[in-house]
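Please brief me on the contacts, pairings and surface features of this model.

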Amino acid sequence: MFNSAGSMYEEIEQNRLKKQRKKKLLIRRIVAIILLLILLSYLGVLLNDIRRFHKGDLPLITISSNTKEYDDGRVETYYSLGWVFRYYYRETINTQEIAPFWSHIKADTELKRESYDPSLPEIEKNYKIPSNGNKRDKVDGVLFFYDDNEKLLGTYKCILSEKDCEVTKSAFIDEYDKNVRKSDVQMSYIDSRYVFITEYKSKSTSVEEKHVYLYDMFAKHLIAQYEDVRYATTMEKEHDSQTYGLIDTSRFIAKKDNNWGIEEVSKGKVTNLVNYEYRLINFEEETKLYILLNQQNKWVVYNPNTQVYTSPIDKTIESIHYKNGKAYIVAYETVRYSEKNYYLFDEDGTNVLYKENVDNLKAYDDFLIYAKGDTIYIINYDGQEAIESIKLYINLDKAYNTKVKPYSVEIIDNTLVISTPKDQEKTHYTDVYYYDIQTLQLIKTRLNVKETSY
């Protein structure tokens, strides 16, 4: 009886264990199927994302994304389920990749350029920087570059000569150079990153070599080479009263093959804007336009924003003025000595005004001013008198190379001020006329004003 009851209990226990094992097995199978389905789904999403990546689409499931900015562009990263889509929009790296989420951005801390001019010399990068507590420009053949706050921007180890190596000075062009008196001005740094460096080999000898390099302080690399460069305008820094040559935003005037052109530097790369085929290039600061003289002695004006050239003219361009959205060119030809004939050209090169043997035709918004003999004339763009002419006490024909000029014209706020000195003594009397710049109505006249010229 006892054995029979024990066998029954044992049989029940075995059945229970069998059911338990079957249940566990079923659960394992269900988990395995679920995991397999998840894996297949994951692989399906991955394969689909690989297909989307090659089509140029973003991931099917984007968990997050970010953009990292670099000095030469940016990298966009899109995070998905264990992988990333990464797009490189950099000048030095222009590619894309699908990679594991733990992968790092390529060349994250480097700026490598493969488009450098092969003719540029290699420079020493791992040199010992000498101490420079006094913040001098050069120590032991190493140039130091400081900003206005005396923060060190970078250094450069001279490669041709420790002595004859310096920050480049703006070049003098020829007799047409408008800035001839400021031709020995040190070029300023560009964007606190680029600097022009002049290197000499065998300076002041018959075999002298002169090289003007554009140096990228960020990449520590020479990126361009020129025969000369020059500023667009100048600026005098208050802390040392030294005059520095500035460029036009990122554009600068440079010389190659004995001709001048215009280049632009951005993100470590130099682009040519105007071909090297001009005898002279001047920058018009007021209008931000360039005045160019070609090899055929024809003058043109170049607009860097529209990349448009005016029609060439055979008169020397003195200035440019905008009226109603159109550019007018003041030009002249020298007749004899200092006598000039003045012209006013439109953008098509058509002469719309001619004045013979006059002094300094100057254009304003609604009128032009010039002087001839003993009279100042204020005319409109049709050549008609805008206001009554003003007599001079000093005849222009007898006033060349004098310290006191026969007249002066300036704009003070909204007032046109014309002064006519009565003699050529340093301290003299003058009559001063004040006109409203908009209406050209006479506001007041001050007679016999005592002034001293310097």
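This is a predicted model: local features need pLDDT of at least 70, side-chain atom pairs count only at pLDDT 80 or more; totals for chains, interfaces and linings use all residues.

Residues are numbered from 1 along each chain as its sequence is written, and side-chain values use heavy atoms, with hydrogens and water left out. A search of the whole structure finds one disulfide, and the structure holds 12 salt bridges.

**Disulfide**

- Cys158 and Cys165 are joined by a disulfide with an S to S distance of 2.2 Å; the term stands for a pair of cysteine sulfur atoms within 2.5 Å.
- The disulfide of Cys158 and Cys165 is left-handed, because the torsion about its S-S bond is about -80°.
- Cys158 is buried at a relative accessible area of 9%, and Cys165 is buried at 2%.
- Buried means under 20% relative accessible area, exposed means over 50%, and partly exposed lies in between (1.4 Å probe, protein chains only).

**Salt bridges**

- Side chains of opposite charge can pair when their charged atoms come close.
- A salt bridge is counted when a side-chain nitrogen of Lys or Arg is within 4 Å of a carboxyl oxygen of Asp or Glu.
- Glu76 and Arg74 meet through their side chains in a salt bridge of 3.0 Å, N to O. Glu76 is buried at 13% relative accessibility, whereas Arg74 is partly exposed at 30%.
- Glu162 and Lys157 form a salt bridge between their side chains at 4.0 Å, N to O. Glu162 is partly exposed at 48% relative accessibility, whereas Lys157 is buried at 19%.
- Asp366 forms a salt bridge with Lys323, with the closest N and O atoms 3.5 Å apart. This pair links distant parts of the chain, 43 residues apart: Asp366 is in the loop between β25 (351-363) and β26 (368-372), and Lys323 is in strand β22 (residues 316-323).
- Asp366 is partly exposed at 42% relative accessibility, and Lys323 is buried at 17%.
- A network of salt bridges links Arg86, Glu97 and Lys106.

**The Arg230 and Asn282 pair**

- Arg230 is found in strand β13 (residues 228-230), and Asn282 lies in strand β18 (residues 269-284). Helices (H or I, at least four residues) and strands (E, at least two) are DSSP runs, numbered from the N terminus.
- The side chains of Arg230 and Asn282 make a polar contact at 3.3 Å. A polar contact is a pair of N or O atoms within 3.5 Å; within protein, one must be able to donate a hydrogen and the other to accept it, and residues adjacent in sequence count only if both atoms are side-chain atoms.
- The side chain of Arg230 also reaches the backbone oxygen of Ile281, at 2.8 Å.
- Arg230 is buried, with a relative accessible area of 1%, and Asn282 is buried, with 2%.

**Surface patch**

- A nonpolar patch on the surface has about 980 Å² of accessible area together, and its residues include Ile33, Leu36, Tyr42, Leu60 and Leu81.
- Patches are made of residues with over 30% relative accessible area and no salt bridge; like charges are joined within 9 Å, and nonpolar side chains (Val, Leu, Ile, Met, Phe, Trp, Tyr) within 5 Å. Accessible areas come from the Shrake-Rupley method with a 1.4 Å probe, and for residues only the protein chains shown count as cover.
- Tyr42 is in helix α1 (residues 2-55) and is partly exposed at 33% relative accessibility.

**Strand pairings**

- Two strands pair if DSSP finds at least two bridges between them.
- An open sheet of three strands has the order β9-β15-β14, with mixed pairing. Both β9 (186-187) and β14 (233-236) stand at the edges with a single partner strand, so one side of each has no neighbour in the sheet.
- β9 pairs with strand β15 (residues 243-246) in the parallel sense over two bridges, and Gln186 has Tyr244 in β15 as its bridge partner.
- β22 and strand β23 (residues 326-336) pair in the antiparallel sense over seven bridges; the bridge partner of His321 in β23 is Tyr328.
- The hairpin of β22 and β23 has two residues between the strands, and Asn324 takes a positive phi near 55° there.
- β23 is joined to strand β24 (residues 339-345) by seven bridges, and the two run antiparallel. Thr334 has Lys340 as its bridge partner in β24.
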